[in-house]
Amino acid sequence: MNVKVIADSTCDLSKDLVAKYDIEITPLSVALGDNYLKDGMEIKPEDIYDYVGKSGKLPKTSAVNVEEYRRVYKQWTEKGYAVVQVCISSLFSACYANACKAAEGMDNVFVVDSRNLSTGQGLVTLHAAEMAAAGKSAEEIYLSCKDMVPRVEASFVIDTLEYLYKGGRCNALSMFGANLLHLKPCIEVKDGAMLPGEKFRGRIGKVMLDYVEDRLKNRQDIDTHRIFITHTKCKPEDVEAVRCKIREIVPDFEEILETDAGSTVTTHCGPGTLGILFVRKA
C-alpha cells in the first residue's frame, strides 16, 4: 500500500523540499486582527512583521480543525493510500488532538506527535517521507518516527525579546536587562515544550557562531545525516557564516539545509532568530 506523508505547516519545510519528498501540508491559520489566513499559503513572515510594526500586537494562530484533517485523510485513503500525519507538538497546539479525532474510525491513518516545531518537526517529516519512498508500511513509518522524536534536538538563539515580551513569555524587566547587557537568549525544545537555555552576549552575528559551537562542539552523539539552519529574516552573510561554522565543527554532515521559519516561529520569536536542528544517534 502506498503511503502519503502529511505534515502541519509548522514543519517549516521549503516548497522545494515539500515537492522533492512529495509531502502534503495541512496549514494552520494565522489571524491578523479579524482576518484569518492560511499559514504558508496566504500569509508570509513579512506580513507578520508589518502587522506587529503597525498594530503593536502579535497575530494569533489557530490549529487545523478536525473537519479539515478528515477531508484530507479521506482524499488519500479513498485513492488507496495509507496516511502518516506528523503534527506540531501537542503542548503547543490542538493540532495533534484534532488529527487523532479525525483519524478515529479510519483505517490506515497514523498520527505522530512530533513533540517539536519548525524543522524539528520537519526532520521527523523527512524521515517519514524517506521511509515511504523506500516502500515501508505506514505502521513501520509511524513506529520509527515515534522512536526518532525524543532524539530530535531543536533550539534557537534570539536577537530581540520584543516578540516574547508581547506574547507574555518574558517580563519588561527581563527585556530591559537583556537589552542593557546585550544578551541573546537561547530557547530549547525539550519534551515537547519551549524552555530557556544558555544566554550569549554580543552582536547577533557573533552570538550565532558561539551558539553553534556550544551546540555542536565535542559531540559524539550526533546523527550526521542532515542538519537544518532555520531562521527569521537573518542577514545572508550571518547564515553563511553559520553554515561554514557547522562544516568546521562537524564536517561529516551529509546535508546542511537552510529554510526560512514560518508563521509560528516568527510570531513567537520575531526577526533575527536562528536555530540549528538535528538528530542524535539512536
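A: Gladly, and please keep in mind throughout that this is a predicted model. One place to begin is an open sheet of three strands, which are arranged in the order S4-S3-S5 and pair in the antiparallel sense.

Q: Which strands stand at the edges of that sheet?

A: The edges are taken by strand S4, residues 35–38, and strand S5, residues 60–62; each has a single partner strand, so one side of each is left without a neighbour in the sheet.

Q: What is Ser-29 in contact with, leaving aside its neighbours in sequence?

A: Once residues within four places in sequence are set aside, the contacts of Ser-29 are Tyr-36, Leu-37, Lys-38, Lys-60, Thr-61 and Ser-62.

Q: Okay, on to the six strands; what order do they have in their sheet?

A: That open sheet has the order S10-S9-S8-S13-S11-S12, and its pairing is mixed. Strand S10 (193–201) and strand S12 (255–260) stand at the edges with a single partner strand each, so one side of each is left without a neighbour in the sheet. Between neighbouring strands of this sheet the average turn is 20 degrees, direction ignored.

Q: What about S13, which strands does it pair with and over how many bridges?

A: On one side there is strand S11, residues 222–232, which pairs with strand S13, residues 273–280, in the antiparallel sense over seven bridges. Strand S8, residues 152–157, is also joined to S13, here by four bridges, and these two strands run antiparallel as well.

Q: Which residues in S13 are the partners there?

A: Thr-273 in S13 is the bridge partner of Thr-232, while Val-279 in S13 has Asp-223 standing opposite. Leu-274, also in S13, is the bridge partner of Val-157.

Q: How many residues of S13 are buried?

A: Seven of the eight residues of S13 are buried, so this strand is largely enclosed by the rest of the structure.

Q: Now His-231, where does it lie, and is it buried or exposed?

A: His-231 is part of strand S11, and it is classed as buried because its relative accessible area of 6% lies under the 20% cut-off.

Q: And what does His-231 touch?

A: Not counting residues up to four places away in sequence, His-231 touches Val-239, Glu-258, Thr-259, Asp-260, Ala-261, Thr-273 and Leu-274.

Q: Switching to helices, how do H5 and H6 cross?

A: Helix H5 (residues 118–133) and helix H6 (residues 138–148) have axes that come within 10 Å and cross at roughly 150 degrees. Since angles over 145 degrees count as roughly antiparallel, H5 is roughly antiparallel to H6. Their crossing is right-handed.

Q: Which residues meet there?

A: From H5 there are Leu-123, Val-124, His-127, Ala-128, Met-131 and Ala-132, and they meet Glu-140, Ile-141, Ser-144, Cys-145 and Met-148 from H6. Sorted by class, the contact of H5 with H6 has eight nonpolar, two polar and one charged residues.

Q: And H3 with H4, at what angle do those cross?

A: The axes of helix H3, residues 66–77, and helix H4, residues 95–103, come within 8 Å and cross at roughly 50 degrees. H3 and H4 are therefore oblique to each other, and their crossing is right-handed.

Q: What makes that contact?

A: H3 contributes Val-66, Tyr-69, Arg-70 and Tyr-73, and H4 contributes Cys-95, Asn-98, Ala-99, Lys-101, Ala-102 and Ala-103. By class, the contact of H3 with H4 has seven nonpolar, one polar and two charged residues.

Definitions and conventions:
Residues are numbered from 1 along each chain as its sequence is written. This is a predicted model: local features need pLDDT of at least 70, side-chain atom pairs count only at pLDDT 80 or more; totals for chains, interfaces and linings use all residues. Side-chain values use heavy atoms; hydrogens and water are left out. Two strands pair if DSSP finds at least two bridges between them. Axes are lines fitted to C-alpha atoms, for helices over the stretch in contact, and angles run from 0 to 180 degrees between N-to-C directions. Angles under 35 degrees count as roughly parallel, over 145 as roughly antiparallel, 65 to 115 as roughly perpendicular and the rest as oblique. A crossing is left-handed if the near helix is turned anticlockwise from the far one by less than a right angle, and right-handed if clockwise. Contact means heavy atoms within 4.5 Å. Ala, Val, Leu, Ile, Met, Phe, Trp, Tyr, Cys and Pro count as nonpolar, Asp, Glu, Lys and Arg as charged, and the others, Gly among them, as polar. Buried means under 20% relative accessible area, exposed over 50%, partly exposed in between (1.4 Å probe, protein chains only).
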